Amino acid sequence: MIDFHLVKQLNAFTLDVAHTTESPFLILMGPSGSGKTTLLNLISGLTTPDKGYLRLNGRLLFDHDTGVSLPPRDRRIGYIFQSLALFPHMTVLQNVMFGVRHRHRGELHSQIQERVMGRDHRQSIHEQLDFLKIEHLSSKYPAELSGGERQRVAIARALSSEADILLMDEPFASLDRANRDNAIQLLLSVQSHYQKAIILVTHSPEEADAFPGDHLEILCGKPVSLKRRSGFLDDSVNS
Amino acid sequence: MSHPLILSAVLLSLRIAALSTLFTGVLGTLLARKLSQTKKTSFRVIETLVVLPMVLPPSIVGYLLLLALGKNSWLGGLIFAATGKTLLFSWPAAVIAAVIVSLPLMYQSARAGFQGVDQRLENAARTLGANEWHIFTEITLPLAKPKLLTGLALSFARAIGEFGATLMVAGNIPGKTQTIPTALYFAAEGGDHATADALMLISLFIGITAMFSVNFILDKSRTQ
């Protein structure tokens, strides 16, 4: 569940978007430059809003009036940039393990515990690697992977950091048609399997149409239309 | 010049350059990291001061150090009061001189290295739960490694070749503060070509070894 109202003064206009939903998908649509990526940056905490609030699954992540502003690392939000931002000097396994190691660093008090936890986490990591069909790529470096494979690694990495929600910025932009359709199916199955909400940014109505949930169109930083579409994977209907 | 004196000049040069590179490496890296994260004017001023010795003639740098470290100065006075000894004409003064002149090289290499790291990678690490220190050690430093290594190599080369400022603050005391460059200068001046040749060859050997090692490390990290 996500509930927010975020305001940020940008160069060309003021971004001012509010939305509340229980829907598994929130699709942000609009032309480039309309503020969609900025909105993702605000939600993830990489950029600080001027005003407003943000609540995710009941947790208050940001509230200007009371001075609450959790840093990105505490928000439990998986943000997959358009560039994917895989760490080039780490293998696929190391990339995916990064979130695991840092998520639990605060809770561990000894090296021994970390080693034991490491082994347990490697178990659950393998589930993710297997589901996303990248297990066989574990010891490869990002430069050796195809675009589709890299995207799956980025998703695995975000999931293994125990994110409550995934933000995806133009995930289909650099994929050809066949890969794009695969990616769309992948996202639908990831959402259904892991039951995490996904906020997805796209400039293509055709891609947006493939997803159920809330479709919010943004122009010059303001919402201009909202369509709530019922899911075809589950039966939740929003009026 | 006798063999023990040549040996002591070489060992002293290596010791001074090694220590100076250690300090410069750490200081230059931290400065580059700190100064790159903010656009405050005070930081720009600090940056200018750090880099200044690179464009000043070494003798000017030496003179400024004399003023700063001599008995009559603030720092020099403190040290004299505490230890009864002056910092000048000791090998630590040579280390200070070497650090001052090689810091600009390390700083600029480190800054270029850090700026070359894609900020989106650091941002991704933030969303994955890493704190700033871990981002620095696991993402920024490894990716800036080639430029940092180059900076260290340049610093070492600059330190071991330091002549002007070192001569002014540390002097040229055989066995105590005489380094390869000063020993070679005075040997050549005095017509002692045997010593000058020996020191030149040793210098070349050190330089070539250093460059080869750096290239080797860089190539190894590039094939990863």
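**The sheets of chain A**

Tutor: Happy to! In this predicted model, five strands of chain A form an open sheet with antiparallel pairing, in the order β2-β1-β4-β5-β6. At its edges are β2 (14-21) and β6 (68-69) of chain A, each of which pairs on one side only. Strands of a sheet pair through backbone hydrogen bonds, either parallel or antiparallel.

Let's follow one pair of strands. Strand β1 (residues 2-9) of chain A and strand β4 (residues 51-56) of chain A are antiparallel and share six bridges. As an example to find on your screen, I2(A) sits opposite L56(A) in β4(A). Now look for helix α1 (residues 36-44) of chain A: this helix lies across β1, β2 and β4 of chain A, and runs at about 115° to β1(A).

Next comes another open sheet, this one of six strands with mixed pairing, and its order is β7-β8-β9-β3-β10-β11 (chain A). The edges belong to β7 (77-80) and β11 (222-229) of chain A; each has a single partner strand, so one side of each has no neighbour in the sheet. On average, neighbouring strands of this sheet are turned by 15° against each other, direction ignored.

Here, too, you can pick out a pair: strand β8 (residues 165-169) of chain A runs parallel to strand β9 (residues 197-202) of chain A, and five bridges join them.

Definitions and conventions:
Residues numbered from 1 in each chain as written. Chains lettered and ligands numbered in written order. Predicted model: local features only at pLDDT ≥ 70, side-chain atom pairs only at ≥ 80, totals over all residues. Pairing = 2+ DSSP bridges. Helix = DSSP H or I, 4+ residues; strand = E, 2+ residues; numbered from the N terminus. Axes fitted to C-alpha atoms, helices over the stretch in contact; angles between N-to-C directions. Contact = placed C-beta atoms within 7 Å.
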